[in-house]
Amino acid sequence: REVRRVMNISLPRQLEELVKQKVASGLYTSASEVVREALRLLADYERRRSALRRDIEAGNASGPVVALGVEAVIAERRKLRKRAKR
C-alpha cells in the first residue's frame, strides 16, 4: 500500500496560478494531483535526457564524424536503391 506523506511547498505566484488553472479546468482534482503529474513528467524527461546523452557518447566513441554534402547523400541513396532492386 502506498504511504502518503504531507509536504508543504512554496511556489512563485505564476506557478501557483498555473496549478489553480489546471484544477479549475477539471483536468485535475487537486493541486497535489497537478504536482504529482508534473513530477512524473520531470522524471520521464530526465530519463530520456540521460538516454540521449548515453547515445551521444556512444556515437562520439564510435569514430570520427564524416560530413557529407547533399550530392554525396543523393549518390549514396541511388546506390542503395540499385542494390535493393537486384
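**Figure 1. Helix H2 from end to end.** Take 1.5 Å, multiply by one less than the number of residues in a helix, and you have the helix's expected span. In this predicted model, helix H2 covers residues 31–61, which makes 31 residues. From its first C-alpha to its last, H2 reaches 45 Å, close to the 45 Å expected at 1.5 Å a residue.

**Figure 2. What comes after H2.** Here the view moves to glycine 63, which follows H2. Its phi is positive, near 140°.

**Figure 3. The largest pocket.** This one has a volume of about 540 Å³. It's lined by 16 residues, and those closest to its centre are Arg5, Met7, Ser32, Val35 and Arg36. Two elements, helix H1 (13–24) and H2, each give two or more residues to the lining. H2 supplies the largest share, five residues. So what kinds of residues line the largest pocket? They split into nine nonpolar, six charged and one polar.

**Figure 4. The second largest pocket.** As for residue types, 11 are nonpolar and two are charged, with no polar ones. You've met Val35 already: it is also among the residues closest to the centre of the largest pocket.

Technical notes. Residues numbered from 1 in each chain as written. Predicted model: local features only at pLDDT ≥ 70, side-chain atom pairs only at ≥ 80, totals over all residues. Heavy atoms only, no water. Helix = DSSP H or I, 4+ residues; strand = E, 2+ residues; numbered from the N terminus. 1 Å grid on protein atoms, 1.4 Å probe; cavity = no way out; pocket = protein on both sides within 12 Å on 5 of 7 lines; lining within 4 Å. Points joined across faces, edges and corners; volume = space filled by probe spheres on them. Nonpolar A, V, L, I, M, F, W, Y, C, P; charged D, E, K, R; others polar.
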